[in-house]
Amino acid sequence: MNGPVLSVPVAESADREEFRRAVLDGLSARPRAIPAKFLYDARGSALFDEICELPEYYLTRTETGILKRRAGEIGRRAGPGCALIEFGSGSSVKSRLLIEACPALALYAPIDISRQHLDATAAGLRRDYPGLRVEPVCADFMGPVPPIETGARRLGFFPGSTIGNLTPGEAIAFLRNVRGLVGDDGALVLGADLKKDPQRLHDAYNDRAGVTAAFTLNLLRRMNRELLASFDLAAFAHEAFYDEREGRIEIYVRSLKPQSVTVAGQRFDFAADERVHTEYSYKYDPADLAALAAGSGFTVAETWTDPERLFAVAYLESGNRK
Ligand code: AVJ
């Protein structure tokens, strides 16, 4: 039997190698950039959970409020006996709202890159919903996802404005993938942060307590630990600003002085103020969402928002629905 004794270290070294490759490539490229998914090691995930509780970070609590108010409507639209497939299973609070709102759910399949995260999620759900079939899928939802065996109609769930991390091209490619996965009679519940007062957006990514800065700089800490890098965390800073023309928050690590750093045995020189890009967080308006849906074979059946119009939850249906 291939028990956890063998499979865990093997998976870990593959992850480590993928991180090493991405970092060496990203620091060698111009402009320098490291993909946002590497922000989520154990410490990064814990810091992100803290971000979700910050007074300035309205996204999580606003989306949860919308889902609470609209869960019944979502369940009625989805209809009885569907299979719920979640991309990047984050906070189980939101999944539970839909699990409870979808009548006679055939299956809940969370897709996540973290095996640990998946196992914990699955165990909690099986305990609390003994009749529910929970089938975790360990995969990067941006790549090919192994087939999910079910004859039930499929409802995708992509909450949290995770779509914001993707460039418009990546977002379309991802949604086309989802469209293929849910099929001609499927649907997707998508959470997206809305365009709004730039100051409000700026503050959400520059919190007073400095948790977002710690989250960004944790990437350097992860490189120090996993890639034997020599980053001095006090010599770099978190930088986040809203580019209104592009409709996105841009996040970087900025070098505070000229310095050189070793990463996995290679030397990298940084000029003063030189930056490494770590994240985009794209903001949408209803027209952007409609265009995104149209470009990926979905139509927007419904868009729900909050009284302040901070955040949107859209119900996208496959184009060829009969
Ligand atoms: C997890 C991508 C939705 O863009 O708001 C929050 C990540 N980064 N603060 C976002 C994040 C810094 C977050 N998403």
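I started at glycine 319 and found that, beyond residues up to four places away in sequence, glycine 319 touches Arg179, Gly297 and Phe298 (contact means heavy atoms within 4.5 Å). A note on the source: this is a predicted model, where local features need pLDDT of at least 70, side-chain atom pairs count only at pLDDT 80 or more, and totals for chains, interfaces and linings use all residues. Residues are numbered from 1 along each chain as its sequence is written, and side-chain values use heavy atoms, with hydrogens and water left out.

I placed glycine 319 in the segment after strand 13 (311–318); helices (H or I, at least four residues) and strands (E, at least two) are DSSP runs, numbered from the N terminus.

Next I turned to glutamate 317, which lies in strand 13. Glutamate 317 counts as buried because its relative accessibility is 15%. Leaving aside neighbours within four places in sequence, its contacts include Arg77, Gly186, Ala187 and Thr299. I noticed Gly297 and Phe298 in the contacts of glutamate 317 and in those of glycine 319.

Helix 8 (211–226) gives the most to its lining, with three residues. Among the lining residues I noted Leu27, Met223, Phe231 and Thr278.

Technical notes:
Buried means under 20% relative accessible area, exposed over 50%, partly exposed in between (1.4 Å probe, protein chains only). On a 1 Å grid over the protein atoms alone, a cavity is a set of points where a 1.4 Å probe fits but cannot get out, and a pocket is an open set with protein on both sides within 12 Å along at least five of seven lines; lining residues have an atom within 4 Å of a point.
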